[in-house]
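Please take a moment to look through the sequence and the model displayed here, and keep both at hand while reading the explanation below.

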There are 2 protein chains.
Amino acid sequence: MAKEKKFVEAVTPMSEDFAQWYTDVVKKAELIEYSNVRGCMILRPNGYAIWENIQKNLDAMFKETGVENVYMPMFIPESLLQKEKDHVEGFAPEVAWVTQGGMNTLEERLCVRPTSETLFCDFYSRIIESHRDLPKLYNQWCSVVRWEKTTRPFLRSAEFLWQEGHTAHATEEEAEERTIQMLNIYAEFCEKYLAIPVIKGQKTDKEKFAGAKSTYTIEALMHDGKALQSGTSHNFGDGFARAFGIQYSDKENKLQYVHQTSWGMSTRIIGALIMVHGDDSGLVLPPRIAPVQVMIVPIAQRKPGVLEKAAELKSTLIKAGYQVKVDDSDKSPGWKFNEQEIRGIPLRVEIGPKDIEAGQAIIVRRDTREKLVVSLDELADKIGETLEIMQNDMLERAKAHLASHIYEAKTYDEFKNIVENKPGFVKMMWCGELACEMKIKEDTTATSRCIPFEQEQITDVCPVCGKPAKKMVFWGKAY
Amino acid sequence: MAKEKKFVEAVTPMSEDFAQWYTDVVKKAELIEYSNVRGCMILRPNGYAIWENIQKNLDAMFKETGVENVYMPMFIPESLLQKEKDHVEGFAPEVAWVTQGGMNTLEERLCVRPTSETLFCDFYSRIIESHRDLPKLYNQWCSVVRWEKTTRPFLRSAEFLWQEGHTAHATEEEAEERTIQMLNIYAEFCEKYLAIPVIKGQKTDKEKFAGAKSTYTIEALMHDGKALQSGTSHNFGDGFARAFGIQYSDKENKLQYVHQTSWGMSTRIIGALIMVHGDDSGLVLPPRIAPVQVMIVPIAQRKPGVLEKAAELKSTLIKAGYQVKVDDSDKSPGWKFNEQEIRGIPLRVEIGPKDIEAGQAIIVRRDTREKLVVSLDELADKIGETLEIMQNDMLERAKAHLASHIYEAKTYDEFKNIVENKPGFVKMMWCGELACEMKIKEDTTATSRCIPFEQEQITDVCPVCGKPAKKMVFWGKAY
């Protein structure tokens with residue numbers, strides 16, 4: 001047992017040091033490995049399989065709305081990046097530049113895409129001619145590079161995986177509709193698959209995307225009360241279209257500029273998954289996104305019939321549609337339990353000689369550690385039921401955590417007191433001016449997370465400056 | 001009709017100019033679009049969807065053999081690339097170099113991965129300790145960059161998509177077994193899904209991968225009689241392991257070097273798909289890899305009930321498991337036929353008022369243009385059957401084409417004559433020496449495609465130099 005304890009204790013308790021807990025979980029669940037390449041991580045099989053499941057489900061949701069996938073070049077010539085003024089200002093300081101190809105120095109530098117608006121605009125300017133060509137609803141799954149100074153697994157790295165959708169529409173209304181539609185898809189995906197409730201809203205001008213007319217966001221709350229921006233959707237209006245000359249002839253044969261959107265979700269969301277559901281034993285994965293949903297651990301596996309029974313149960317459960325593995329390695333059961341727990345596999349099935357004799361198995365839930373003794377003929381049904389219950393319970397717990405960490409401030413002193421002492425979101429009215437937003441950040445390090453769609457009137461004035469309040473904002477410290 | 005004819009005639013006939021035919025098909029089937037980025041292509045929805053299907057099926061075959069997916073950084077520090085001598089010599093001349101990050105000049109240049117052996121080796125050296133950690137069977141789907149001077153859609157571009165598998169094993173035998181296993185998977189995949197028969201064999205030393213002990217290849221034959229290397233699998237022995245210090249302790253607790261393999265297939269295979277099956281009307285996609293298998297074209301679609309019936313047939317066929325679309329745009333039926341043909345959609349279903357009255361529809365095969373009048377209650381069954389027949393017929397035709405383009409040369413004059421006048425593969429004995437291989441290339445531009453697994457003894461001497469023959473080689477001009 002000493003060996004096993006040591007293994008578990010290697011994860012720093014959350015309450016002791018949340019940041020270290022996070023790093024420990026990421027490393028010990030074998031989600032990532034650090035690399036020799038500055039700021040870049042290796043996604044190991046356990047980590048990449050989560051991303052594969054995210055991709056599969058999110059991609060299906062995109063395609064249901066008519067989105068098609070494409071693949072764009074990873075390089076952007078400097079002159080192309082510079083076409084939209086705000087955009088280049090936002091991104092140029094943090095890109096990686098290719099200056100040599102083969103043995104030659106390039107005439108023009110190429111940046112490794114930090115995002116692909118400029119490439120899509122260039123593409124659209126060539127393939128859009130008529131209103132019949134609209135809308136264009138394209139998306140790509142790829143990696144992007146942003147030369148970040150400090151890095152943290154999943155949350156911030158020089159290179160990361162994501163999807164970026166880029167659409168072009170005939171009208172402003174259609175573009176706005178698509179922007180909101182994709183934000184809703186992100187929110188639905190987070191709730192349904194990741195069991196993560198989110199706050200939906202608009203970013204302030206200060207926080208919006210470089211070149212966008214408006215940026216919408218979903219914000220999730222981590223276990224430590226910090227917010228994590230989990231997906232964004234931007235309406236560009238016709239700003240990029242004017243910079244890149246993307247025009248179509250309408251039904252009256254008049255030239256019009258298109259209206260564009262873009263929207264993205266990245267491997268950052270895996271950071272949210274860890275920090276919303278994890279516990280001191282490691283990762284806890286929601287059943288609908290877990291690459292392995294059930295780990296069967298044979299007890300006294302050298303006794304005759306045990307491994308055979310474990311294999312039989314596995315194939316029954318796989319036939320029933322579940323993702324199942326058997327841990328038949330020569331480690332002790334306790335060690336196997338710990339590994340399954342650290343990896344966050346939703347259910348464990350224990351089966352030993354006595355269970356076989358009694359025609360039963362034991363199901364253990366990863367989240368509550370609840371044990372169910374189940375007869376073998378009912379196993380598949382019970383597994384299905386328990387996975388469903390666990391998925392719902394995880395969402396409910398996350399919702400309760402979110403609800404109990406939303407505070408309200410009527411005065412600026414109250415606000416500062418909450419930010420200092422009660423991690424979470426703080427609702428407070430805002431005059432709409434940058435100065436107050438800056439002051440709040442400077443005084444408290446909290447930032448405006450979003451102007452939520454569901455507005456309330458808490459006070460009539462902005463508690464910071466006393467001017468008339470325009471909007472209620474969710475504020476908070478964030479990753 | 002004039003309009004439609006013009007559309008079809010826009011594809012240059014194969015017999016007139018094969019290279020132009022290829023470019024026309026790629027462009028007009030909307031598989032790719034050229035970009036403003038030197039040597040890089042845009043994969044449009046029609047092209048990317050083919051790659052998605054290739055990925056899905058090939059990935060499933062990999063996973064069945066225990067392979068797991070990971071994601072590695074896209075950058076390789078120069079010092080890491082240089083660790084294996086042959087490898088760096090092979091790749092350094094054709095890589096893109098990142099020299100600036102954000103506003104700073106990097107202390108060490110980073111190349112954009114041309115392939116990831118060095119990264120995997122570095123990774124393996126850190127995570128492999130014991131024989132219990134072996135084998136490691138990792139793969140990644142990503143894009144790579146090789147600074148090619150001349151580029152052609154799918155066949156050669158500065159950036160392309162591929163998968164690269166990298167495995168580490170305890171023994172030489174296991175590594176060799178895995179190398180061959182993956183080559184067989186490639187061959188099986190090509191036959192089963194792409195309806196492309198291939199020749200399996202080993203590359204000569206001249207043609208093998210930089211750093212490999214041995215390279216195996218599958219070679220396909222294009223419509224114009226040129227070969228296309230379609231997938232390769234390399235056995236590295238312990239060369240990389242020694243360069244990177246990848247050791248494990250065996251059961252006797254002695255340190256041993258691992259034995260490694262790598263294997264890859266890229267978007268190049270889409271070039272093969274086009275050049276093996278296409279015809280003068282455009283692309284012809286094998287049903288098992290076609291993103292859209294059936295295009296329903298309503299005839300006289302403004303007549304009452306036609307579009308409703310088309311939609312009904314679509315949903316029936318989708319329920320039966322097929323990929324189906326309806327072209328209900330306001331183009332003429334003839335125009336729609338041409339588009340469906342250019343895109344290579346395997347089957348077209350025509351349904352008009354008269355058909356509805358007669359309770360029937362017309363199925364048209366893309367490959368043979370054969371028409372079947374089918375009663376509507378049998379439509380789903382007939383579609384399934386016809387797709388199956390078409391898939392098999394396409395493979396049989398490709399096999400016949402391959403078989404009829406394999407020649408045999410007993411003398412060097414005979415060889416030169418065949419290479420000049422009969423495009424295809426030429427079987428000829430070889431002494432095993434580089435000089436003869438070089439001479440053949442210089443005299444004829446034909447290269448050694450592979451030393452096939454199935455050997456024959458055509459002559460006792462090498463027809464080029466007269467020395468004793470060691471192996472029979474497949475020679476040919478290649479893409």
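What is shown is a predicted model, and the values given here are computed from it.

After α3(B) comes B:Gly66, a residue whose phi is positive, near 95 degrees.

The next topic is the nonpolar core. In soluble globular proteins, nonpolar side chains tend to be buried together. The largest nonpolar core of this model has 212 residues, and those with the most contacts inside it are A:Phe75 and B:Phe75. If neighbours within four places in sequence are left aside, the contacts of A:Phe75 include A:Val98, A:Leu110 and A:Leu119 in chain A, and also B:Val37, B:Ala96 and B:Trp147 in chain B.

Aromatic rings can now be considered in pairs. A pair of aromatic rings is described by the distance of the centres and the angle of the planes. A search of the whole structure finds 42 aromatic pairs over all chains. One of them is formed by B:Phe123 and B:Tyr138, whose ring centres are 6.0 Å apart and whose planes are at 25 degrees, so this pair is stacked. Since B:Phe123 lies in helix α6 of chain B and B:Tyr138 in strand β7 of chain B, the pair ties together parts that are 15 residues apart in sequence. Both B:Phe123 and B:Tyr138 are buried.

A second pair, B:Phe415 and B:Trp475, has ring centres 6.1 Å apart and planes at 85 degrees, so the pair is edge-to-face. Here B:Phe415 belongs to helix α14 of chain B and B:Trp475 to strand β23 of chain B, so the pair ties together parts that are 60 residues apart in sequence. B:Phe415 is buried, with a relative accessible area of 0%, and B:Trp475 also counts as buried, at 0% relative accessibility.

In chain A, one aromatic cluster is formed by A:Trp51, A:Phe62, A:Trp141, A:Tyr186 and A:Trp263. Charged side chains also meet rings: the charged end of A:Lys226 sits over the ring of A:Tyr479, 4.6 Å from its centre, while A:Arg348 lies over the face of A:Phe337, at 3.8 Å from the ring centre.

Key. Residues are numbered from 1 along each chain as its sequence is written. Chains are lettered from A and ligands numbered from 1 in the order in which they are written. This is a predicted model: local features need pLDDT of at least 70, side-chain atom pairs count only at pLDDT 80 or more; totals for chains, interfaces and linings use all residues. Side-chain values use heavy atoms; hydrogens and water are left out. Helices (H or I, at least four residues) and strands (E, at least two) are DSSP runs, numbered from the N terminus. A nonpolar core is a set of buried Ala, Val, Leu, Ile, Met, Phe, Trp, Tyr and Cys residues joined through side-chain atoms within 4.5 Å. Buried means under 20% relative accessible area, exposed over 50%, partly exposed in between (1.4 Å probe, protein chains only). Contact means heavy atoms within 4.5 Å. Rings of Phe, Tyr and Trp (its six-membered ring) pair if their centres lie within 6.5 Å; planes under 30 degrees apart count as stacked, over 60 as edge-to-face and the rest as tilted. A charge sits over a ring if NZ of Lys or CZ of Arg is within 6 Å of the ring centre and within 35 degrees of the ring normal.
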